[in-house]
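Here is a short briefing on one protein chain. Keep the structure open as you read, and find each part as it comes up.

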Amino acid sequence: MGPSNIFPPSASLKYSMVVLAILFAAVLVFPEQALAKNAGITRNYKFNIKMQNVTRLCQTKSIVTVNGQFPGPRIIAREGDHLLIKVVNHVKYNMTIHWHGIRQLRSGWADGPAYITQCPIQTGHSYVYNFTVTGQRGTLFWHAHISWLRATVYGPIVILPKKHVPYPFPQPHKEVPIIFGEWWKTDTEKLISQALQTGGAPNVSDAYTINGLPGPSYNCSAKDTFKLKVKPGKTYLLRMINAALNDELFFSIANHTLTVVETDAVYVKPFKTKVVLITPGQTTNVLLKVKSKAPNANFLIAARPYATGPAAFDNTTTGGILEYEQPASSASKNRTRKLTLLKPALPRFNDTNFATKFSNQIRSLATAKFPVNVPKKVDRRFFFTVGLGLNPCPKNQTCQGPNNTMLAASINNVSFVQPNVSLLQSHFFNKSKGVYTTDFPANPPFKFNYTGTPPKNLMVNSGTKVVSLPFNCRVEVVMQDTSIIAAESHPLHLHGFNFFVVGQGFGNFDPNKDPAKFNLVDPAERNTVGVPSGGWVAIRFLADNPGVWFMHCHLEVHTSWGLKMAWLVMDGKGPKQKLQPPPSDLPKC
Ligand code: C2O
C-alpha cells in the first residue's frame with residue numbers, strides 16, 4: 001500500500017489540491033516577500049497642531065507647535081518606506097505641512113504648500129499626508145507652509161538607507177540633528193501681516209537657535225544652550241538643517257574640522273572644512289571626528305548670518321557647547337574647575353568670497369551606484385531675474401517702503417499673487433479659469449543691466465502665472481539676481497524635484513560664453529541653491545513628476561513679497577506617469 005492510500009479518495013483529492021494551492025501561493029508569495037524587503041514599511045505619525053507656552057530670552061510666549069514640542073518631532077524612515085502622517089489642527093490658524101525636499105513622485109497632494117497643492121487644514125480639521133520616500137536618503141525637514149507659521153513649526157526628517165545598505169562613508173558612532181531656527185519675541189503672524197499692510201520690512205529676529213535653544217550669548221539663555229557630549233576618538237554625523245526664516249548661516253565648531261558628506265539628501269564627494277554655509281531650506285550632513293583624547297576645554301558650536309542684502313538683519317550669534325566625556329580620574333577635578341570655552345572664527349557677515357568657494361566644493365559622487373542624471377540636452381530654457389521691486393502705495397494710505405511705496409519681490413518682474421483655491425486642484429479638475437494663467441514669462445519682460453544701475457521704473461507686475469511643461473521635459477533655468485533696491489543672495493527652492501547646479505557666476509549671465517563652462521560631470525544635486533548676490537546660477541532638472549510644483553525664495557520675507565512661481569508638469573502617457581486623484585480627506589477652501 002502506497003502512502004497515498006492512507007487517505008480515502010476524496011481526502012486524497014483535497015490533499016493534492018492543498019499542495020497545489022501551497023505551491024501556487026508560494027510562487028505568488030515569495031517574489032512578493034523579496035519585493036517587500038525593498039518596498040519598505042508603512043510608518044504612521046500623528047501631528048497635533050497645538051499652542052504651547054515656551055520661554056526664551058526671559059520671555060514666555062504661546063507658540064504654535066506639533067504635539068507641544070519645539071522643535072517638532074523627528075520623522076524617521078528608510079528609503080522606500082511609506083509615510084502616513086495625520087495632521088490635526090487644534091489652533092486658530094489655518095495650517096499645512098510641507099515635507100521639504102521629499103520628491104513626492106505622483107503624490108503632489110501631499111506636498112503641502114498652501115494654495116499651491118492644497119487648501120489649508122482649517123481649525124478643528126485634519127488631513128493625512130500620504131507619500132512614499134523613493135530614491136532618497138539623508139537629512140531633510142518638515143515645516144509649516146502657510147504664512148510665517150514655520151517660525152516655530154518645523155522638525156527633522158531622517159531618511160536612512162535601505163536595510164543592510166551602508167553609508168558611502170564610515171559608519172558614525174552617533175547621529176545628531178542640528179536644526180537652526182530663528183526666534184522672535186513678538187508674534188510673527190502679527191509681524192508679517194502688519195508688514196504686508198504697511199509695505200515696510202518686518203522687524204528682524206531677536207535670536208537664532210540650535211535645536212530650539214539660543215545659547216550663552218543671549219540674555220537669560222545660559223540654561224537654554226544645546227550641548228553635544230562626545231566620547232574621545234569617535235565620529236559623529238551631524239544632520240544640519242537651516243529652518244531659519246530669513247537668514248543664511250555660517251556654522252563652525254571651535255578647533256574641529258568637519259567633513260561634508262551629503263547635502264539636501266544627496267551624497268556628495270566628501271570634503272573637509274572648518275566652516276559650513278547653510279541657507280534656509282538646505283540640509284547638510286557632516287562628519288565630526290572628535291579628538292582622540294579629551295582636551296582640557298569645551299568648544300563653542302556657533303552659527304551667525306551670512307547677509308548680503310540692503311536690509312537690517314539679526315546680527316547675533318547662536319551657540320551650543322561641545323563637551324568631551326572626561327576620563328574618570330579627572331572627572332572630579334573638572335567638576336570643581338571650570339573648563340575654558342574655546343570659540344570658533346566665523347567669516348565676516350558679508351563674506352561672499354567664502355560663500356562662493358564653499359558652494360563650488362559641493363559635487364555629486366558621480367559613481368556607478370550614485371550616478372549623476374543631469375540632463376545633457378535641454379528641451380526648454382528659461383532665464384529668470386530674481387530680486388526685489390516695488391508696488392505703489394494704495395490710495396489714502398501711507399506706506400513704509402522707499403518713497404512711500406510697498407516693498408515687493410518678483411521673478412521676471414512677476415510678483416506672484418496667491419490664489420484662494422489650490423492650483424493643483426484647479427489643474428486636476430480643469431478649473432483653472434480665473435485661478436491661474438500659463439503665461440509665466442520665460443524671459444524678463446525687458447532687458448537691462450541686471451547687476452548694474454537699476455532701471456527707473458522699479459514697479460513689479462502681479463499675477464498668478466505658471467509655466468506649463470510636458471512630461472519628461474528637460475529644463476534649464478538660469479536665475480539672475482538683480483540690483484533692484486540692492487543685490488542680494490536668494491536661496492531658491494524647488495518643490496517636487498532635485499535639480500543639478502550646472503554653473504554659477506557673478507555679474508550678468510552671458511548666454512554665449514557661460515554655458516561652455518557648465519559642469520555636466522559632477523554637479524551638485526539639490527533642492528535649494530543660493531543665487532549669488534549680484535550673480536547668477538544655472539540649474540537643470542528633468543520634469544518627470546506630474547503636478548504643480550512651487551518654486552520660491554526660501555527667505556520667508558521674500559516669499560511673502562511675491563518671489564515665487566509654480567511649474568505645472570503635465571501627465572505622461574504611461575500608467576505610472578500620471579498624477580493620482582486627490583485623497584478624499586483633502587481639505588476644502
Ligand atoms: Cu521649505 Cu516651499 O519650502
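**Strand 21 and its partners**

Val386 stands opposite Asp481 in strand 26. The two strands involved are strand 21 (residues 380-392) and strand 26 (residues 473-481), which pair in the parallel sense over 7 bridges. This is a predicted model.

**Domains and annotation**

- The domain assignment gives domain 1 (37-160), domain 2 (174-360) and domain 3 (380-577).
- UniProt, in an unreviewed entry, places the feature "domain: Plastocyanin-like" at residues 49-163, 175-326 and 440-571.
- Residues 49-163 are 0% helix and 46% strand. The C-alpha atoms at the ends of this span lie 32 Å apart.
- Residues 175-326 are 7% helix and 49% strand. Their end C-alpha atoms are 21 Å apart.

**Where domain 2 meets domain 3**

- How far apart are the C-alpha centres of domain 2 and domain 3? They lie 29 Å apart.
- The contact takes 29 residues from domain 2 and 30 residues from domain 3.
- The area buried between domain 2 and domain 3 is about 2,300 Å². Carbon and sulfur atoms give 52% of that area.
- Which three residues supply more than any other three of the area that domain 2 buries against domain 3? They are Thr198, Asp264 and Pro310, with 19%.
- Between domain 2 and domain 3, the count is 2 salt bridges.
- Asp264 forms a salt bridge with Arg526. The closest N and O atoms of this pair are 3.1 Å apart.

- An open sheet has 6 strands in the order 10-9-12-17-14-15. The pairing is mixed.
- Its edge strands are strand 10 (207-210) and strand 15 (266-273). Each of these pairs on one side only.
- From one strand to the next, the twist averages 25 degrees.
- Strand 9 (residues 174-183) and strand 12 (residues 235-242) run parallel, joined by 7 bridges.
- Ile179 has Ile241 in strand 12 as its bridge partner.

**A sheet of 4 strands**

- Another open sheet has 4 strands in the order 2-1-4-6, again with mixed pairing.
- Which strands form the edges? They are strand 2 and strand 6 (126-132), and each pairs on one side only.
- Neighbouring strands of this sheet are turned by 20 degrees against each other on average, direction ignored.
- Strand 1 (residues 42-56) pairs with strand 4 (residues 82-89) in the parallel sense, over 8 bridges.
- Phe47 stands opposite Val87 in strand 4.

**Charged pairs across the chain**

- Side chains of opposite charge can pair when their charged atoms come close.
- How many salt bridges does a search of the whole structure find? The search finds 14.
- Arg150 and Glu556 meet through their side chains in a salt bridge, at 2.5 Å from N to O.
- Why does this pair tie together parts that are 406 residues apart in sequence? Arg150 lies in the loop between strand 7 (138-144) and strand 8 (154-160), whereas Glu556 lies in helix 6 (residues 556-560), so the pair links those two parts.

**Two backbone details**

- A cis peptide bond joins Phe70 and Pro71. Its omega is about -10 degrees.
- Look for Pro71 in the loop between strand 2 (59-66) and strand 3 (75-78).
- Asn255 has a phi near 60 degrees. That is a positive value in a residue other than glycine.
- Asn255 lies in the loop between strand 13 (248-253) and strand 14 (258-263).

Technical notes
Residues numbered from 1 in each chain as written. Predicted model: local features only at pLDDT ≥ 70, side-chain atom pairs only at ≥ 80, totals over all residues. Heavy atoms only, no water. UniProt positions renumbered as here; feature names shortened; annotations may be inferred. Pairing = 2+ DSSP bridges. Axes fitted to C-alpha atoms, helices over the stretch in contact; angles between N-to-C directions. Domains from an automatic or database assignment. Contact = heavy atoms within 4.5 Å. Buried area = accessible area lost by both parts, 1.4 Å probe. Salt bridge = Lys/Arg side-chain N within 4 Å of Asp/Glu carboxyl O.
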